[in-house]
Number of protein chains: 2
Amino acid sequence: MLAEIITIGDEILIGQIVDTNSAWMATELNKIGLRVKQISSVSDDREHILKALAEAAGRVNIIFITGGLGPTKDDITKKTLAEYFGVGLVENKETLDNVERIFARYNRPLLEVNKLQALVPENCEVIINHNGTAPGMWFNHEGIIYISMPGVPFEMMYMMEEGVLPKIKSTLKLPSIIHKTLLTVGEGESFLAERIADIENDLPPYIKLAYLPKPGQVRLRLSAFGTDEALLKQGVDEFAGRIIERLGSIFVIDQDIALEKAILNKMEARELTLSVAESCTGGYLSHLITQHAGSSSVFFGGGIVYSYELKEHILGVKNETLTKYGAVSEQTVKEMVEGALLNFKSDFAIAITGIAGPDGGTDDKPVGTVWIAVAGKGKMLIKKYTFGNKRRQNIERSAATALSMLNTLLT
Amino acid sequence: MLAEIITIGDEILIGQIVDTNSAWMATELNKIGLRVKQISSVSDDREHILKALAEAAGRVNIIFITGGLGPTKDDITKKTLAEYFGVGLVENKETLDNVERIFARYNRPLLEVNKLQALVPENCEVIINHNGTAPGMWFNHEGIIYISMPGVPFEMMYMMEEGVLPKIKSTLKLPSIIHKTLLTVGEGESFLAERIADIENDLPPYIKLAYLPKPGQVRLRLSAFGTDEALLKQGVDEFAGRIIERLGSIFVIDQDIALEKAILNKMEARELTLSVAESCTGGYLSHLITQHAGSSSVFFGGGIVYSYELKEHILGVKNETLTKYGAVSEQTVKEMVEGALLNFKSDFAIAITGIAGPDGGTDDKPVGTVWIAVAGKGKMLIKKYTFGNKRRQNIERSAATALSMLNTLLT
């Protein structure tokens with residue numbers, strides 16, 4: 001069963017936004033056994049959209065369309081779909097109710113242009129958008145399924161998770177797929193591959209192994225495709241077990257969850273609490289943690305201590321330490337983590353200080369120099385890292401590495 | 001003059017990597033006046049590649065192909081291109097020298113498989129890859145230009161900048177494109193559209209207007225296409241001016257930069273400083289600010305005060321206020337912002353407290369209830385918002401709204 005993703009909108013074609021939707025959708029579709037044959041980004045142009053739909057219909061069984069559903073004039077996906085299917089637009093009561101509900105919630109007057117959001121091609125089945133006014137639409141046309149969704153990432157994601165994926169699974173007969181993801185930290189992709197090369201060679205043809213690297217961490221995903229679900233599961237479990245045994249301490253968890261979530265779960269089960277002192281990561285580590293529901297049962301918060309003054313005021317770092325050794329030093333990061341434990345009264349704390357760049361580097365402390373400390377329950381780890389010269393990458397790697405160190409301290 | 005980008009490789013189609021190459025290329029091509037008509041991601045499959053090339057040749061004048069040029073068996077772009085053009089492969093001396101040079105530089109033995117990198121379709125003009133072994137290839141075939149490049153981002157980028165873009169500019173007569181982006185905050189897409197409907201109707205055919213919404217903000221992008229650059233610029237400036245005048249206070253800046261970056265620039269120019277007190281946004285607001293290079297000249301940092309204790313300890317919020325009115329209340333957010341100003345000694349401060357969800361809501365304070373305060377220089381704005389029930393969305397909208405309130409206070 002093959003799928004195509006068509007994204008509609010000039011913003012991708014002029015490079016204004018990076019198309020992250022398609023990668024997310026492709027991952028989710030793969031999980032349920034739908035293989036993506038092509039991803040096409042086309043402009044908000046009637047003829048171009050019609051052609052892209054026709055071409056995709058010649059290639060695949062199911063077509064996912066995102067974008068071009070806003071209330072403004074440049075959004076023409078809906079009327080172009082109606083033209084493609086040769087049908088008219090009709091008002092959908094459920095969608096109108098949804099639009100009215102959303103406007104009422106925000107106490108905004110409902111404009112005529114918003115009511116037009118409730119018009120849909122008459123051959124479609126509406127998928128309600130609980131997070132926006134543009135409805136999702138499901139079409140069955142000459143043996144091919146077309147699904148149109150908004151391009152706003154969170155609207156599309158919730159719609160996929162709540163409406164589209166369950167409907168696909170109940171509508172189509174898809175092969176069985178069993179995935180198992182092993183989260184590892186602190187070792188690069190090629191080193192990992194070398195460590196488990198013999199196990200990988202032993203994999204039967206129905207099991208595939210993918211390496212999914214992120215800064216500081218690599219996910220190993222075992223995927224088995226076939227018809228006998230019990231057999232697939234048995235095969236995947238066996239190989240997962242062999243890999244986990246081989247990996248030792250760099251293995252974190254056999255679930256496809258984020259590293260910080262795995263740590264939060266572990267700490268919550270052991271009734272441990274956490275606080276942070278962030279300098280160069282500037283809130284990114286806290287954001288990673290607090291994006292997860294329920295994080296407040298473990299996470300107290302902490303200080304974002306960009307300036308010297310805040311390092312002193314919030315954490316009690318000594319002015320003498322800062323002037324003598326500098327903000328990016330072993331002495332400062334140690335006082336930061338100790339200050340966090342003392343002032344925030346959590347069981348564990350993380351402190352990060354470094355030079356994210358692009359400016360601020362010196363000969364002995366170049367851009368990418370980062371000191372990280374994790375401490376708690378009488379134990380402490382302090383390490384210096386030299387990452388690259390890209391600000392964003394330095395922030396992300398610092399946060400991932402700090403989490404990885406905390407994971408080590410907890411193990 | 002129209003272009004298409006074809007990316008070849010399964011890693012994009014299974015969602016393993018996000019296609020950032022295409023956005024970068026599209027931006028660069030737009031700058032020199034080449035409009036990207038379509039971006040297609042296809043698999044490492046002979047038939048599929050041949051079809052994608054033929055379809056693109058029917059649509060555009062110039063086709064950029066990335067990926068599938070590695071030395072391993074699954075990389076088939078080169079021989080498929082030779083088949084598409086109906087030519088054979090020949091060894092290219094310059095490429096072989098380059099491959100040998102690279103292997104010598106890293107002291108690696110040159111394998112037979114690496115020498116194969118020097119084989120190219122006989123109708124191509126080679127573009128040397130100074131950062132890798134796979135050559136770039138330029139084809140002129142039946143009036144259409146085909147350019148094949150490696151998929152490794154930095155190899156592709158250097159090749160584009162050093163070889164491809166200069167060659168395109170000297171080979172093709174390109175039209176001019178002028179873009180201008182207007183950043184607005186605090187008003188939804190449809191309201192904006194209604195406010196400027198008459199101006200939009202007046203737009204000449206050579207100027208397009210696009211609405212690019214994000215949580216709490218909308219970008220309006222005017223794009224003019226034509227030959228007379230001065231005329232295009234004049235037209236875009238005139239309409240930008242009319243729109244800016246109409247929008248009044250919701251207009252932030254006529255540059256394509258992030259809202260927080262626009263505020264940082266404004267504050268830096270006026271030598272103002274900022275600190276934050278984040279509860280429900282949990283570091284996200286600080287992360288938005290500190291992802292920008294140079295933010296430390298404005299931003300001191302602040303407190304992530306998830307727990308009652310940290311609200312008291314870091315900000316000096318009174319325990320009595322928290323127990324009497326609750327952490328999500330006007331009284332608490334007021335003490336938070338005052339505490340930030342007092343303790344962190346910045347000119348301005350932002351405080352946010354709310355219920356991000358999915359749990360923690362009550363009848364009178366449902367999930368999505370957020371209090372935001374911004375204060376400084378004797379002025380203060382405090383407002384209560386009721387966002388939705390999605391955690392991630394509540395975090396993003398709270399941060400964007402807080403920035404929007406700060407922008408108002410600064411204006």
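Predicted model: local features only at pLDDT ≥ 70, side-chain atom pairs only at ≥ 80, totals over all residues.
Part of the link between the chains is made by strands. Strand E14 (residues 299-305) of chain A and strand E14 (residues 299-305) of chain B run antiparallel and are joined by five bridges. Within this pairing, A:Val305 has B:Gly301 in E14(B) as its bridge partner.

## A sheet that spans both chains

The two E14 strands belong to an open sheet of ten strands, whose order is E17(A)-E16(A)-E15(A)-E13(A)-E14(A)-E14(B)-E13(B)-E15(B)-E16(B)-E17(B), and whose pairing is mixed. Strand E17 (379-386) of chain A and strand E17 (379-386) of chain B stand at the edges, and because each has a single partner strand, one side of each is left without a neighbour in the sheet. On average, and with direction ignored, neighbouring strands of this sheet are turned by 10 degrees against each other.

In general, the strands of a sheet pair through backbone hydrogen bonds, in either the parallel or the antiparallel sense. The parallel sense is found in chain B between strand E13 (residues 274-278) and strand E15 (residues 348-354), which pair over five bridges; in this pair, B:Val276 has B:Ile350 of E15(B) as its bridge partner.

## Helices across the sheet in chain A

Helix H15 (residues 330-344) of chain A lies across strand E13 (274-278), E14, strand E15 (348-354), strand E16 (369-376) and E17 of chain A, and runs at about 35 degrees to E16(A). Helix H16 (residues 391-410) of chain A lies across E15, E16 and E17 of that chain, running at about 30 degrees to E16(A).

## Helix-helix packing

In chain A, helix H2 (residues 20-31) packs with helix H7 (residues 153-171) at an angle of about 20 degrees, and their axes are 10 Å apart. Since angles under 35 degrees count as roughly parallel, H2(A) and H7(A) are therefore roughly parallel to each other, and H2(A) passes H7(A) in a right-handed crossing. From H2(A) the contact draws on A:Thr20, A:Asn21, A:Trp24, A:Met25 and A:Glu28, and from H7(A) on A:Pro153, A:Met156, A:Met157, A:Met160 and A:Leu165. The residues of this contact divide into seven nonpolar, two polar and one charged.

In chain B, helix H3 (residues 46-57) and helix H4 (residues 77-85) pack at an angle of about 55 degrees, with their axes 10 Å apart, and H3(B) and H4(B) are therefore oblique to each other. The crossing in which H3(B) passes H4(B) is right-handed. Here B:Arg46, B:Ile49, B:Leu50 and B:Leu53 in H3(B) meet B:Thr77, B:Thr80 and B:Tyr84 in H4(B), a contact whose residues divide into four nonpolar, two polar and one charged.

## Backbone details

Most residues other than glycine have a negative phi, and most peptide bonds are trans. The peptide bond from A:Gly357 to A:Pro358 is cis, with omega near 0 degrees, and A:Pro358 has its place in the loop between E15 and E16 of chain A. In chain B, a cis peptide bond with omega of about 5 degrees joins B:Gly357 and B:Pro358, and B:Pro358 lies in the loop between E15 and strand E16 (369-376) of chain B.

Positive phi values are found in chain B at B:Glu271, with about 55 degrees although it is not a glycine, and at B:Lys345, with about 60 degrees although it is not a glycine. B:Glu271 is placed in the loop between helix H11 (259-269) and E13 of chain B, and it counts as exposed because it has 9 C-beta neighbours inside 10 Å. B:Lys345 lies in the loop between helix H15 (330-344) and E15 of chain B, and with 15 C-beta neighbours inside 10 Å it counts as partly exposed.

## A buried lysine

B:Lys311 lies in helix H13 (residues 308-315) of chain B and is buried, because 27 other C-beta atoms lie within 10 Å. If its neighbours within four places in sequence are left aside, B:Lys311 is in contact with B:Val305, B:Val317, B:Leu322, B:Ala327 and B:Met336. B:Ile62, by contrast, is 249 residues from B:Lys311 in sequence and 59 Å from it in space, C-alpha to C-alpha.

Key
Residues numbered from 1 in each chain as written. Chains lettered and ligands numbered in written order. Pairing = 2+ DSSP bridges. Helix = DSSP H or I, 4+ residues; strand = E, 2+ residues; numbered from the N terminus. Axes fitted to C-alpha atoms, helices over the stretch in contact; angles between N-to-C directions. Contact = placed C-beta atoms within 7 Å. Parallel < 35°, antiparallel > 145°, perpendicular 65-115°, else oblique. Left-handed = near helix turned anticlockwise from the far one by under 90°. Nonpolar A, V, L, I, M, F, W, Y, C, P; charged D, E, K, R; others polar. Buried ≥ 20, exposed ≤ 12 C-beta atoms within 10 Å, placed from the backbone.
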